[in-house]
Each structure stands twice: as structure tokens, then as C-alpha cells.
Amino acid sequence: MKKMMLFLLSACMMLSLVACGGSKIADGTYSAEISDASAEANHGWKDFLTITYKDGEMVDVQFDAKDADGNLKTESTNPENYPMDPQPSVWMPQLEENIKATSNPDKVAAVAGATTGSNHAKELYRAVLEKAKAGDTSVAVIDVEG
């Protein structure tokens, strides 16, 4: 009888954990961007992340940055505008793929040579997830360092 009670109790606990852990993100597009003050410290580039979910799964990710004129960093091929290597057209899409690979912002693989951008992507991903779990499609604005 004790074994049967223990089995039933264990089964109930497992079912409750599965039920609680199955929180699905509502279909929609969720976004986050760094604040104007953070963009100023980021050489005028305002990083942003937009993730679209369908059937609870991530189907599209856009990580980029825009300047005050609305130009995208991934389209900036002039070394005078972005003298670092690798170029944003290389490392930003790589970060998008790294975000797609995990549901945990802390486990997003950083891109070598783009440490600050990688850190911003992780922070933005946290903010997007928070909005997505709440079903809130308004843009999250966050402060980030350097």
C-alpha cells in the first residue's frame, strides 16, 4: 500500500511539473531595443531584437542596430562607419542563429570579436522573453552597459 501511495504521489508531482513547465508563448511578434542613453554610449547605434513566435515556437529572429537616420548596422559596409572586424553583416546574423538555438538567453553563444553586441543580444533576448511570456507586444526599452 505504501508503494502504491508513493507511486501515485510521484505521478501527481510529475504531472504538475509538466503542466507548469508547459507555458506556451502566444503567437505574435515581440521586440526590445536599447534606450537612447545606451545608444549614445554605443557610438550612436541602437541595438534591437525582434522575435516572432508561431505555435509557441520561434520562427523569425531579427537582431540589428539602427543609427539616428534609420540606417541598419548590417548594411553598413563602409569601414569608416564600422572599423571593427568582423563586420556586422557577418556577426549579427550569426547571433540571430545563436538565439534561435536556445530558449535561454544565458546560453546564447557569443560571437568572437563582437562581445558587446553579444551581451546586448542576450539582454534584449531576456526582455523579449519577458514580454512574450506576458503576451505583451509593446516594445521593451532597456538600458545596457557599453
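These notebook entries record what I looked up in a predicted model of one chain.

**Basis.** I worked with a predicted model in which local features need pLDDT of at least 70 and side-chain atom pairs count only at pLDDT 80 or more, while totals for chains, interfaces and linings use all residues. Residues are numbered from 1 along each chain as its sequence is written, and side-chain values use heavy atoms, with hydrogens and water left out.

**Overall layout.** I noted four helices and four strands in the chain, taken as DSSP runs numbered from the N terminus (helices H or I, at least four residues; strands E, at least two). Along the sequence I read the order α-β-α-β-β-α-α-β. The chain has 146 residues, of which 38% count as buried (under 20% relative accessible area; exposed is over 50%, partly exposed in between, with a 1.4 Å probe and protein chains only). I then looked up contacts (heavy atoms within 4.5 Å). Among those between residues at least 6 apart in sequence, 48% join residues at least 24 apart.

**Helices α3 and α4.** I looked up how α3 (residues 88-100) packs on α4 (residues 115-134): the angle is about 40° and the axes lie 11 Å apart. Axes here are lines fitted to C-alpha atoms, for helices over the stretch in contact, and angles run from 0 to 180 degrees between N-to-C directions. The two helices are therefore oblique to each other, a class left over once angles under 35 degrees (roughly parallel), over 145 (roughly antiparallel) and 65 to 115 (roughly perpendicular) are set aside. From α3, Trp-91, Leu-95 and Ile-99 meet Gly-117, Ser-118, Ala-121 and Tyr-125 of α4.

**Strands β2 and β3.** I found β2 (residues 46-54) and β3 (residues 57-66) paired in the antiparallel sense over nine bridges (pairing requires that DSSP finds at least two bridges). Lys-54 has Glu-57 in β3 as its bridge partner. The strands form a hairpin with two residues between them.

**Positive phi.** Most residues other than glycine have a negative phi. I noted Asp-55, in the loop between β2 and β3, with a positive phi of about 55° although it is not a glycine. I also noted His-43, not a glycine either, with a positive phi of about 60°. His-43 sits in the loop between α2 (36-41) and β2. Is His-43 buried or exposed? It counts as exposed, at 74% relative accessibility.
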